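Subject: Structure handover

Hi,

Here is the structure I promised to pass on. Please open it first, then read my notes below.

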Number of protein chains: 2
Amino acid sequence: MSDLEIRPAVLTDIPAVVAMLADDPLGARRESPDDLSPYEAAFRRLTDDPNQRIVVAVREERVVGTLQLTVVPGLSRRGATRSIIEGVRVHSDERGSGLGTQLIQWAVDESRRQSCRLVQLTSDTTRTDAHRFYERLGFAASHVGFKLTL
Amino acid sequence: MSDLEIRPAVLTDIPAVVAMLADDPLGARRESPDDLSPYEAAFRRLTDDPNQRIVVAVREERVVGTLQLTVVPGLSRRGATRSIIEGVRVHSDERGSGLGTQLIQWAVDESRRQSCRLVQLTSDTTRTDAHRFYERLGFAASHVGFKLTL
C-alpha cells in the first residue's frame, strides 16, 4: 500500500467524511449526506475549540479514514486529563489494511502529547468486531456506555 | 429535607469534592485527598474551558454532590452536539434522598439549553446499582465503554 497521511480535516474534506459516516449499518439511518450544511456548521464549532481534533487519513489524495479526539480536563483520578475518541470510520475499500489501527495509534500518541492519562471511547453493543479490535489494541471493556437522546 | 442548590463549583469547594471522589470503592484507590494541588490545577483548566461545567449540590451550606458536564460538538448524527457526564458523586449521608436524580436532571436540562441532542456517560461494569439508576432515568445501556490507561 502507498503512504498514508493523517492530518487535520479541512472544510473540503467534509463530503468524504460524511460519506464514510453514512456508509455504516448505524450511520445509514442517522446521516444526511445530501445536505452538508449541518456538518459544515458543526465543523466550524470543532475547529474553534482548542480541545477538539478532527483528523482524516489520506492515501493517494483520497480521504479513507477519520476520527475525532476530544481532550477533557477533570478532577477525578488526581485531576487527570482524559481524551475521548468518537466517530471512527474507515473507508470500505480500506478495511483490513491496518488503517483503523493507525488511526487509533495516532489518537493514543496525540493523547500522550496532550498529557492525557486515559483514552476512552464507547462502541455500540452491536459492533462486536470493533470490540475485538479495541481489545487487541489494549483497551479494556471495563464500562457500560449509557445514552439518552434529547 | 431542606432546599438544595445546584451551582457552579468554586475553588473553595475542592476539598469537599475530592473527599466525595475518594469516598467510593473505586475512587479510594485513585484519589489523593491529602494533596489537593493536582485538583486545584485541574479545576483551573476546567473553569478556563467554556465547554466544561463542574457543579456542586449544596444543602445547608454543605457540599453534598457533584458532577462534571462536557459539551462536545461533532460531525456524526448530522453535526449533533452531545454532552458527557463524568464524576457523579453523592455524599454518603444523602444516598437515597433523590439527590442523584436531581443532579442528572440538572445535567439533562443544561444539555438541552446547550442544544445537545444526546447525553452520554459511562459507568464501571461493577456499579450495578448505578446502572439501574441510569436506566430508570431513561438512559439506554446501548454501548460498551473502553478505556486505555496511559
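Does A:F133 count as buried or exposed, and at what relative accessibility? At 16% relative accessibility, A:F133 counts as buried. Here buried means under 20% relative accessible area, exposed means over 50%, and partly exposed lies in between (1.4 Å probe, protein chains only).

Some ground rules. This is a predicted model, where local features need pLDDT of at least 70, side-chain atom pairs count only at pLDDT 80 or more, and totals for chains, interfaces and linings use all residues. Residues are numbered from 1 along each chain as its sequence is written, chains are lettered from A and ligands numbered from 1 in the order in which they are written, and side-chain values use heavy atoms, with hydrogens and water left out.

Aromatic rings

The whole structure holds 6 aromatic pairs over all chains. Rings of Phe, Tyr and Trp (its six-membered ring) pair if their centres lie within 6.5 Å; planes under 30 degrees apart are stacked, over 60 edge-to-face, the rest tilted. The A:F133 and A:Y134 rings are edge-to-face, because their centres are 5.1 Å apart and their planes at 65°. A:Y134 is buried too, at 7% relative accessible area. The rings of A:Y134 and B:F146 have centres 5.6 Å apart and planes at 45°, so that pair is tilted. A:Y134 sits in helix 5 (residues 128-136) of chain A and B:F146 in strand 6 (residues 140-149) of chain B, so the pair joins two chains. Helices (H or I, at least four residues) and strands (E, at least two) are DSSP runs, numbered from the N terminus. B:F146 is buried, with a relative accessible area of 1%. A:F133, A:Y134, A:F139 and B:F146 form one aromatic cluster.

Helix 2 of chain A

Its buried residues are A:Y39, A:A42, A:F43 and A:L46.

A rotation of 180° with 0.0 Å of shift along its axis superposes chain B on chain A (RMSD 0.0 Å). The two copies are thus related as by a two-fold rotation axis. The superposition is by least squares on C-alpha atoms of residues with pLDDT of at least 70 in both.

Best wishes
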